[in-house]
Amino acid sequence: MYIDALQLLSDAQAFTTDTASTNTIDLGNVTPRREIGTGEPLCLAIAVDVYATPTGTDYEFRFIQSEAADLSNPDILCSVTYTGASLAAGDVRYLPIPPGSVSKRYVGAYFNNVTGTTTVTATIVLGPQSMIQSWRVYAKGYRVS
């Protein structure tokens, strides 16, 4: 799958503490508001790039919206929690986004370290559910001849 830079919310972002994605998607300040995901269902693809000790940890990934570009004071639109034992480097997990749920200008992802202190490095992409679920993660630095 091709990834547009505008769909990329986190690019190998290291998450240790609760934090928002490094990138946001600006839906513009237009009336009526853009309704993303109403026609084609959308989802977040969460690719685990690097993961360390899996025991005793729980991690929550959220899809959020805010009126501020820095995603402050966000509304949580949907979330998923994974136990550390269920995640491994190279895994790709999906978070479906409820159609019609976005009502604010900026959207992004948020990482909540529920328990534990282990760092998770992840790449998070927003895209159409029909295309993104066939997405595969390959080791960085590979070469195709």
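User: Hey, is strand β5 mostly covered or mostly open?

Analyst: Mostly covered. In this predicted model, eight of the nine residues in β5, which spans residues 58-66, are buried.

User: What does buried stand for here?

Analyst: A residue is called buried when its relative accessible area is under 20%.

User: Thanks! Which way does β5 pair with β6, parallel or antiparallel?

Analyst: Antiparallel, and eight bridges link β5 to β6, the strand at residues 75-83.

User: What sits opposite R62 over there?

Analyst: In β6, the residue facing R62 is S79.

User: And how many bridges does β5 make with β8?

Analyst: Nine bridges, again in the antiparallel sense, with β8 covering residues 106-115. Within that pairing, F63 has A109 of β8 opposite.

User: Where do side chains point along a regular strand, in general?

Analyst: They alternate between the two faces of the sheet.

User: How much of the chain is buried?

Analyst: Of its 145 residues, 41% count as buried.

User: Last one: what's the accessible surface?

Analyst: For the protein chain it comes to about 7600 Å², and carbon and sulfur atoms account for 52% of that.

Notes. Residues are numbered from 1 along each chain as its sequence is written. This is a predicted model: local features need pLDDT of at least 70, side-chain atom pairs count only at pLDDT 80 or more; totals for chains, interfaces and linings use all residues. Side-chain values use heavy atoms; hydrogens and water are left out. Buried means under 20% relative accessible area, exposed over 50%, partly exposed in between (1.4 Å probe, protein chains only). Accessible areas come from the Shrake-Rupley method with a 1.4 Å probe; for residues, only the protein chains shown count as cover. Helices (H or I, at least four residues) and strands (E, at least two) are DSSP runs, numbered from the N terminus. Two strands pair if DSSP finds at least two bridges between them.
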